[in-house]
Amino acid sequence: MDYLEILDRSTAGAYISEENWDLEKVAMTCMQLVQKFDLKWDRQTLVPNDPALADRVFAAGFELAAAIGAYNRSSERVLRFERSELEDGLKNMKISLTMGQGSDERVLFARKIMDERAPLVWAGNPGAPHPEALFLPAVMSWAQEPIVDLITCGTLAEVDGREVRTGEALEITATRRELTYLHQALARVGRPGMGMLAAQSSVSELGDLAAAHPAYLRPCDAHLVPMLNELKIDNRNIARAVNSIEYGMRNGGLYCAIAGGLGGDAPGCAVISVASIILGNLTNRADYHILHPIHIRHVATSTREVLWVESVVLQAFARNAPAIIVADVYPKSGALTRELLYETAANAMLITVNGGHLEGCGSADGLLPNATGLEARLMGEVGKAVSRQGVTLEQANQWVLELLEKYEHIFKLPGGYPGVRFDQAYNLETLQPVPAWAGMYENIVEMLCGIGLKLSAS
Amino acid sequence: MVNEILYSIQNALISGDTEAAEAAAHAALAAGLDAQSILNDGLMRGADIVGQQFEAGEVFLPQLMFSARALKAAMAVITPELKRLGGEGGTGRQGLVVLATIQSDIHDIGKNIVSTLLTTGGFEVIDLGVDVPIKRIISAALDACADIIGCSAMLTTSMPFMGDLIQTLEAMGERRRFKVMVGGASVTPEYAARIGADGTAPNAVQALQLARSLMLN
């Protein structure tokens, strides 16, 4: 099925109001499927070793996709798909995708549960607004880490001291400048061919079109094509996907189902996440998939609900429809806090053992420039160690619970736990963590070594 | 008997059952209950309970939305009686809010939850949707004689348009007619103050409290 078919169905499908889509279609159907497939979760079993559960989650997600389809918010039409079309889409999903070029080229692949092949490490904090002066050093702090395979970044909210506004002239400038900084950063650390997920400063078609040039986003790079909550697309994002197809670039389908949202609790969020990937595979023309469930209150991917969702969705695809799934790590805490490192470690070990690749860290909920290369290093080290050691699902679950005990208190803090800005956690001249931040890193490496996870640094 | 009727109204709200809420409102009026009492002791009490359950994580967004739908249906039943009792001002509503995700932004989950909680909290809400141009928000607020304009932006590159909205209201000489509340993941109290908004809230529950406090000032 090509994108022309998606365009046709976006105008020819049945009309439904958005409110009725949300309630009558998504919420009601999801609620029924959670009951039908007997989907339950346990706050103490965040990494289930229950193949039947993973299969039921997949079956429920597939049934949701087949039963209701996707919704085009622009045209208020429903895009329905035959089961055979969804199945063909799954069979044709990429299970290998080359990113980057030259000696920096990396190959994303469909990972398995407890896969001995290490996850790829995609470093950066997509969406986090950065002052222009901090953008380049922040990206360099990630790109210089040898364990990092691929790069992404935050956004430029200002250029030349002026606010960037979506859909206006400076969006073009911001998008191109972001990419210029990225190429500079990669060149300075000696990794010019590293694959990128970028043009994060592009929200509208203006930025997107401005970035589709080899001097900015190369064909070996990717950009985001999000599915909107829940199971929705719009013409703007279809245009983004088509721009990529015409240009020859990769589309990263982004799915941010909300735990506590229209699907209800974690099981419903998992069902919607599975359906999102199955549908986004067709509607978003996704070359690979980015799993990023969100907690309705706490946002972070390190909450129990989201951790469980990540586990069962990754397992569901690994067992039923191998796919390239990169899972986002968006901790609540920010730089120069121990909790950020605990959250990162928990997220990274859980994603790795369940069959995902790693992307992050969107520290401080990805809302502030309070992320550094150090937690990305930890994310990668944990992921590589988990695969290298052959950590089991049960062991990962126990460790995740131990780490939760160390950071879960932050969800009770009214203002979150944002930590400090990049330039307070890193020395901008040496691009190394300040001693206090480096010390916290050493402590968690020791702690993880103590419980049995041997990082290469330990 | 009275308690039973009010209890059934509350239950209909809590279970988000639109037909039951309508039927209970009709039954309450037929039994001679005062419309204001139906509103305060039945509908609003039920809505409060759902709001508290949502805040505590005991129920989720769909239940909240179904409750809002049930409340609207029951309000349609009792509003004529409320108006008859209190004249044009007697609709029982706490205020009228025009709500929108500001132009260029399409993120609406937070805005939708605020809309639902405002509705269950007794406000009349005109939700204009997402990516709404400033001119349309102002025009809708003027046409509806709104008390509050609420707008949200998740993207930092959309946030400046919320400041533009306030400046446009000032340029039009209409700023004093409305309270303006702003929201979004990156919106802080400092940002709200900087652009001249009347307030912001970190979550939907506090947005309802803010709207209520704005109506008192």
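# A tour of chains A and B

Start in chain A by selecting helix α5 (residues 132–143) and helix α6 (residues 169–188), whose axes come within 9 Å and cross at roughly 45°. Axes are lines fitted to C-alpha atoms, for helices over the stretch in contact, and angles run from 0 to 180 degrees between N-to-C directions. Helices (H or I, at least four residues) and strands (E, at least two) are DSSP runs, numbered from the N terminus.

This is a predicted model, in which local features need pLDDT of at least 70 and side-chain atom pairs count only at pLDDT 80 or more, while totals for chains, interfaces and linings use all residues. Residues are numbered from 1 along each chain as its sequence is written, and chains are lettered from A and ligands numbered from 1 in the order in which they are written.

Keep the two helices of chain A selected. On α5(A), pick A:F135, A:L136, A:V139, A:M140 and A:A143; on α6(A), pick A:Y181, A:L182, A:Q184, A:A185, A:L186 and A:R188, and the contact is displayed. Two residues are in contact if their C-beta atoms, placed from the backbone, lie within 7 Å. By class, the residues of this contact are 9 nonpolar, 1 polar and 1 charged. Here Ala, Val, Leu, Ile, Met, Phe, Trp, Tyr, Cys and Pro count as nonpolar, Asp, Glu, Lys and Arg as charged, and the others, Gly among them, as polar.

Next, select the open sheet of 3 strands in chain A, ordered β2-β1-β13 with mixed pairing. Two strands pair if DSSP finds at least two bridges between them. The edge strands are β2 (77–79) and β13 (232–233) of chain A, each pairing on one side only. Strand β1 (residues 70–72) of chain A runs parallel to β13(A), with 2 bridges. Across from A:Y71 is A:K232 in β13(A).

Now show both chains. Where they meet, 25 residues of chain A are in contact with 17 residues of chain B. Helix α2 (residues 18–36) of chain A gives the largest share of chain A's side, 3 residues. That side has 12 nonpolar, 8 polar and 5 charged residues.

Move to chain B and colour domain 1 (2–89) and domain 2 (96–216); the bounds come from an automatic or database domain assignment. Their centres, taken over C-alpha atoms, are 26 Å apart. Domain 1 of chain B puts 12 residues into the contact and domain 2 of chain B puts in 8 residues. Among the elements of domain 1 of chain B, α4(B) gives the most to the side that touches domain 2 of chain B, with 7 residues.

Within chain B, select the open sheet of 5 strands, in the order β2-β1-β3-β4-β5 with parallel pairing. β2 (124–127) and β5 (199–200) of chain B stand at the edges with a single partner strand each, so one side of each has no neighbour in the sheet. Strand β1 (residues 96–101) and strand β3 (residues 148–152) of chain B are joined by 5 bridges. B:V98 has B:I149 in β3(B) as its bridge partner.

α9(B) lies across β1, β3, β4 (179–183) and β5 of chain B, at about 165° to β4(B).
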